[in-house]
Amino acid sequence: MKRRIVLMVSILVIVLTGCTNNKGVERPLLLTLHVFEVDSKGVNLEFYYAAKDDEKVLFYLEYGGEEHIQEGNGEGLYSFNIKEDSLKGNTNFKLGVKDKKKGKIMDEMEIQIKDYLVQLNERTVKCVVAQMTDEEKARLVIGYQAMPGDADFVDGVSGFTYPLEKYGIPSLVFSDGPAGVRNPKGSISYPSGTNLAQTWDMNLVKEIGKALGNDARNLKVDILLGPGMNIHRNPLNGRNFEYFSEDPFLTGKIAASYTNGVQSMGVGVSLKHFAANNQETSRGTSSSEVTERALREIYLRGFEIAVKESSPWTIMSSYNKINGKYTSVDKELLTGILREEWGFKGLVMSDWGSQGAADEKVKAQNDLYMPGEPNYVNTVLNALRNGKLTQEEIDRCCVNILSIAAKKSKKTYQSDYKTNAILSRKAAAESVVILKNDSVLPLVKCEVALFGNGQKYTVYTGEGSGFVHTPYNVNIQEGLNNSEYFTLNVDIMAKYVTCRPAPMPKGEELYDGTTVVLDDETIKKAAKDSDVAVFVISRTTTEGADHRNLKGDFYLSEREQDMLEKVSKAFRNQGKKTIVLLNTGNPIEVDSWIDLADAVLYMGYLGLETGNAICDVLSGKVNPSGRLVSTWPSKYEDVPSSYHFPGNAATSIYFEDIYVGYRFYETFEIEPAFEFGYGLSYTSFEYSNFKMTKKGNKIEFKVTVRNTGKRAGRDVVQVYVTKPGSIQEQPKYELVAFAKTGDLKPGKKETLTLVVKEEDLKTYVSDTSRWMVEGGKYVFSIGSSVKKIHKTYETELEEKVIQDVENRCVPVNEFNVLNQKDGLPSFRRSANVALNKKATCNVHEGDLRAQNAVDGSYSTRWSGLAPSNDSMNWLKVDLEAVYDIENIIIFWEACNVFYRVETSVDGTNWTKILEKSSNPSLYDDIKVEGEVRYIRISGEKNGWFSIYELEAFEKAG
């Protein structure tokens, strides 16, 4: 049996024994194998030697106790052609190259053969692919999910790749795991992605990554499906807790540290969700309509940094479309940007059950369809047979998959859960952000009156694929009650014995109905008996649902507000303080109630050691050094994406463009509740000895930080740049460097060095399809938040092209975006006056009632599909007062009929403001002039006519 394996250009790089130096830095690769033939009568192989010098070398091929040698002289193609009488099918070969003069081995490898087939290792990937049949290739690119009862079922595993034993190809095992390996047997739950980023500590994040990798190997997992890297575009996104930040630079740096930590343990990561997956509502159908510049600078930049600085094994494509095309079948994104521009060498897999045909995924280099179905294999095979899919296209996907399968570690670890839990507790405490502290924290030993359902039903992590089964969880009540620092008011604690957890942010029920309400006398007695009040505000959050701009969600519920007011008043009447703990996955509104609190801590989701970590922080055992990674708005209407979030089932327009988070607030001078990078400490710091030095393609900043307070603590130094804006407009600030001090004792100091690389200053110019550094004046601001700037430097830089690329993933349709020239639309700063107002209709389909169109939820809707006796089906909204309306926004679920939109002041006389034959875009942004109380939408019968949400914005005064 003869097998000939002919490889394509730059096929199979062979990394030989001794190919790395003592520092782990890879040497240049010397050999590529082009042809390998073997049968019982002999062996023939061709290989390429890549060294460009003219030094003579000796190539050798060893097998069966014999060594065959030939001379080589510099770069070129070489071969061995050896005849034998009885070469066995399981013979192993050793191929190498040595220095002719010194005899030193330069490279060496083993080629394992089984039944005359080359076996898989990191050096033989493309050889193995060339041996495979079409059926085997089609099976390899379609994953599967074993079910209970299957022979290969593993509890908690999300999916597998198919093994092919005759080639030595193992199955890859995937598991959810952004904040802990998701396994019913139990694993450590670490702080959420947002909390890890809030430490601003890349070394600590790397240690968490190592612990995660250790846990994964213990559970025989090869690939962790994380970290989540999508940008915090809007505070209502139900999955923000998994993601790192609103800033792409910080996101990329933290993700790279996380990845390097995990993969150092022989476990791969899967950066997700690639890309522009910034909402849960309609995530499987909605198209993120975004300019190419914003896509590249904001939504892809973090992924780019992580790819280049940590070489992730895998990346997961997202559910959504980008500018009309599903990401899992978008060749411009997955091949053009990811592989050709960034040099990604790993595997791309789909998110579980994503849209897009299996053969189209292969064409785009979405290598692996997860979890896949048997009929998808036939789809790929048929595409190969009818020419829709080429051998080259499927081969490259197989190569990408097997390059990762060849890395599969055979090591297993006995995870030290006790040690890892201690690490989780440390990271949790360091990630807490002090938002306010009026001389109350840290607490001395005292009795605490603990209020809020979250003391018992503490939220440790979000729901969905980010959830972790843990061996235990320490809630806030347990953490404080079991500590040496605090005792709890037993009367108040008893009131929460039968409390309920907060519901998920979906459906009709919000948080208000679960809040325990205590009478005035109980609260007053607690204020007399206890030393301090701690009030816990919790929110659950989950994959698959976004939060809402409503009371009990983004805002406090009426019960929460009432309880906080009573507790604050009672304790202040006794000369005592109230501390609020925010156990939420996202920012919430704070301006309306923060004066009731003497201290506010943003906890986020801290993992299984939450209660103990909070005890460490309140007692001062740990001086928290967390800094915000997203801007906290004063009101939801200030959020730049609020105008188009989350859009409808078809589209979400990224109107804010590059002005995401602090880029928006600082450029357009909108005052937030708390700015990006903000966070207080139990001590104080002084900055001095500033220095800026240009060193080639880098700019180096030095700053000395001294602890001027009475407690040990850590600070975060941040460097922002203001670009010239000579080619295109730029935001006021962009983060380009950060560093964190060690734990400085009182009076101690540390000099930090922060380096800004030329690439960190690049901007994408769509008109010329290039990344470049603008020429002109650059202002660098060194601070401890985006608003707290301690020193600025100015310097001139010459214009320079960083990379010429192609325009990719560009919008199909033009749409207006926010820009400095036109300024902020006035209605963007006003509230939606249609929210929860009275809505009526002449007909509705089932439970899809009129009120759904003004409830603030884009997952509920009104449908006028049902027949009526009227000539038109209609929906009417009463704003309950006359407003000077500037804009009416309609988010359609479906509209394929003639319709009109009218307004009225008295409900009798109507003014037509819009009329259309249908609305395929499923979105209306209607300019209005004049006073309005009533809004009516009428559509022809006998057609789809359904509205997610109607919004009306008052003209700013």
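**Cysteines, then a sheet**

Start by selecting C398: at 0% relative accessibility, C398 counts as buried (buried is under 20% relative accessible area, exposed over 50%, partly exposed in between, with a 1.4 Å probe and protein chains only). Before going on, note that this is a predicted model, where local features need pLDDT of at least 70, side-chain atom pairs count only at pLDDT 80 or more, and totals for chains, interfaces and linings use all residues. Residues are numbered from 1 along each chain as its sequence is written, and side-chain values use heavy atoms, leaving out hydrogens and water.

Hop to C841: its nearest cysteine sulfur, in C895, is 16 Å off, and C841 is partly exposed at 21% relative accessible area.

Next, show the open sheet of six strands, ordered 21-26-25-24-22-23 with mixed pairing. Strands (E, at least two residues) and helices (H or I, at least four) are DSSP runs numbered from the N terminus, and two strands pair if DSSP finds at least two bridges between them. Strand 21 (433–437) and strand 23 (486–488) each have a single partner strand, so one side of each lacks a neighbour in the sheet.

Zoom in on strand 21: four bridges join it to strand 26 (599–602), running antiparallel. Pick N437 and you'll find its bridge partner, A599, in strand 26.

Notes: A disulfide is a pair of cysteine sulfur atoms within 2.5 Å.
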